[in-house]
Amino acid sequence: MSTFGRVAMLAPMEIELLPLTRELGLVHDGTFHRATMGDTEVLAVVTTMGMTAGEEAARAVLDAGVDRVIVVGIAGGVDPSTVRIGDVVVPETVIDRRDDRRYGPPLSPGATPRGTISCGDELITDPARLATMGNAGVIAVDMETAAVAAVCEAAGVPWSAYRGVSDYAGEGLVDQELFESTNPDGTANADAMRAYLERHPDKLEVLTRLAENTTRATEAAAATAIRSCVSPQRG
């Protein structure tokens with residue numbers, strides 16, 4: 001069983017917290033969502049999207065006194081031949097595109113880490129850039145993990161990342177306009193989303209598919225993260 005007395009789970013978006021809430025019975029205390037798994041206490045929080053938000057959330061849970069920090073949620077796949085929709089990426093390294101620093105390997109009980117997640121605030125959709133990243137070993141992109149890893153490694157606290165693939169970055173399902181129609185916690189800005197669909201009525205089918213794939217990815221990531229907390233620890 002886990003040797004960690006208190007584990008933090010960081011979900012960038014509300015939808016990424018939902019399966020954790022359901023499976024763990026998380027209860028919000030005004031600051032954190034809390035639950036217990038055997039001898040392990042879980043603190044969970046919606047970080048909101050972005051590198052700065054990830055850093056701030058990591059510092060907050062470290063201040064609360066946790067023994068391990070887990071980032072759990074979705075990521076964009078880089079190459080369909082490398083990862084499939086619903087696959088959970090457990091990276092060997094993560095890279096911060098702001099300064100090209102690399103972090104890892106993370107603590108990944110019960111999984112064999114592989115590949116790199118590239119992290120930054122910008123939305124990457126350019127096929128040429130994605131091809132270059134793929135050739136360098138990047139298999140997915142997200143907007144928080146490297147920022148969390150940096151805070152944890154500086155504090156000497158183990159970190160983990162479990163990211164379910166919800167779409168392919170180069171497929172363009174999430175474009176800049178759609179991205180800007182969402183709130184920082186990933187919920188839809190109703191007025192902005194309505195206006196977006198009025199301008200692009202053909203996108204309704206795309207959004208439906210993206211929602212289905214996102215649910216699949218969040219469920220897989222949450223299940224893997226939870227299993228990692230009850231896997232025998234090596235070391």
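**Reading a buried residue, a charge and a pocket**

Tutor: Let us begin with a polar contact: the side chains of Ser 160 and Arg 68 make one at 2.9 Å. Please keep in mind that this is a predicted model.

Student: Where does Ser 160 lie?

Tutor: Ser 160 belongs to strand 11, which covers residues 159–168.

Student: Is Ser 160 buried or exposed?

Tutor: A residue counts as buried when its relative accessible area is under 20%. Ser 160 is buried because its relative accessible area is 0%. Beyond its neighbours within four places in sequence, Ser 160 is in contact with Arg 68, Val 69, Ile 70, Val 71, Pro 106 and Leu 107.

Student: Which side chain of opposite charge is nearest to Asp 185?

Tutor: That side chain is Arg 163, 14 Å away. A salt bridge requires the charged atoms to be within 4 Å. Asp 185 is buried yet has no salt bridge. Asp 185 is found in the loop between helix 5 (176–179) and helix 6 (190–199). Leaving out residues up to four places away in sequence, Asp 185 touches Pro 12, Met 13, Glu 14, Val 46 and Thr 48.

Student: Which residues lie nearest the centre of the largest pocket?

Tutor: They are Met 13, Ile 74, Val 174, Leu 210 and Thr 214, out of 38 lining residues. Among the elements that each supply at least two residues of this lining are strand 11, helix 5 and helix 7 (203–230).

Definitions and conventions
Residues are numbered from 1 along each chain as its sequence is written. This is a predicted model: local features need pLDDT of at least 70, side-chain atom pairs count only at pLDDT 80 or more; totals for chains, interfaces and linings use all residues. Side-chain values use heavy atoms; hydrogens and water are left out. Helices (H or I, at least four residues) and strands (E, at least two) are DSSP runs, numbered from the N terminus. Buried means under 20% relative accessible area, exposed over 50%, partly exposed in between (1.4 Å probe, protein chains only). A polar contact is a pair of N or O atoms within 3.5 Å; within protein, one must be able to donate a hydrogen and the other to accept it, and residues adjacent in sequence count only if both atoms are side-chain atoms. Contact means heavy atoms within 4.5 Å. Lys and Arg count as positive and Asp and Glu as negative; His and the chain ends are not counted. On a 1 Å grid over the protein atoms alone, a cavity is a set of points where a 1.4 Å probe fits but cannot get out, and a pocket is an open set with protein on both sides within 12 Å along at least five of seven lines; lining residues have an atom within 4 Å of a point.
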